[in-house]
Amino acid sequence: MTLYYSLVFALLVFEMVVFMALIVPMPFTVKSKLFTFISESPIVAKLQYGMKITFIFILILFIDSVNRVYRVQVELAQAKYQGGAAAVAGGERMEVQARKFYSQRNMYLCGFTLFLSLILNRTYVMILDVLRLEAEVKSYRGEKGGDGKTAAKLNDAGNIGEISTLREELRKRDRDIETLKKQSGGLADEYSRLGDQFHVSDGTPKKMK
């Protein structure tokens, strides 16, 4: 197995571990804090961005593996059609079957990795909806763990790392606003300086030195 397919296999194992961690039974308080952290953590947001790029490459590998499987099937069919079963016997047949096996393995590996990524995203959204409903029920009943803060955090929690991304955008806009304020203040000071420089009591502007 080549290096990039080994990395795809490692990613598949990681997705399986994350999926098991999502569906394992946990207390409501622990799971709500975990999902709030996932939604607010900037590290998770950066990791998700990197994973999106990785899945694009895995999709390319999946398309390539499907193409290889098709070509091997066509090659095997043509060999059987032209020379019969004897033409694809022995070492040649084993070589073709080996290439077919590796191509199918790579196709299934990339396909399951992409499919599990969709399942993980959908599972995360469904569990988050269940937590929101459970928090609302607890708040209506006045039970412990159903306070307004927990419900508000779960309502604010969206996709993985979404809150962190929005906060970063707000910080960038605040910095841009501060920069514009400084620039406007500098322009106002320069305008006042030029007005004082050309203003005299008799209305005649001063000569610039």
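I begin with Ser-103, which is buried at 8% relative accessibility, where buried means under 20% relative accessible area, exposed over 50% and partly exposed in between, with a 1.4 Å probe and protein chains only. The model is predicted, so to speak of local features we require pLDDT of at least 70, and side-chain atom pairs count only at pLDDT 80 or more, whereas totals for chains, interfaces and linings use all residues. Residues are numbered from 1 along each chain as its sequence is written, and side-chain values use heavy atoms, with hydrogens and water left out.

Ser-103 sits in helix 4, residues 91–141; helices are DSSP runs of H or I, at least four residues long, numbered from the N terminus. A polar atom of the Ser-103 side chain lies 2.8 Å from the backbone oxygen of Arg-99. Beyond neighbours within four places in sequence, Ser-103 is in contact, meaning heavy atoms within 4.5 Å, with Ser-65, Arg-68, Val-69 and Val-72.

I turn to Leu-22, in helix 1, residues 3–23. Leu-22 is likewise buried, at a relative accessible area of 9%. Its contacts outside four places in sequence are Lys-31, Phe-35, Leu-120, Thr-123 and Ile-127. The C-alpha atoms of Leu-22 and Leu-120 are 8.5 Å apart, although 98 residues separate them along the chain.

Finally, the annotation. An unreviewed UniProt entry gives "transmembrane region" at residues 6–28, 49–66 and 106–131; such annotations may be inferred rather than shown by experiment. Residues 6–28 are 83% helix and 0% strand, while residues 106–131 are 100% helix, with end C-alpha atoms 37 Å apart.

Notes:
Helices (H or I, at least four residues) and strands (E, at least two) are DSSP runs, numbered from the N terminus. A polar contact is a pair of N or O atoms within 3.5 Å; within protein, one must be able to donate a hydrogen and the other to accept it, and residues adjacent in sequence count only if both atoms are side-chain atoms.
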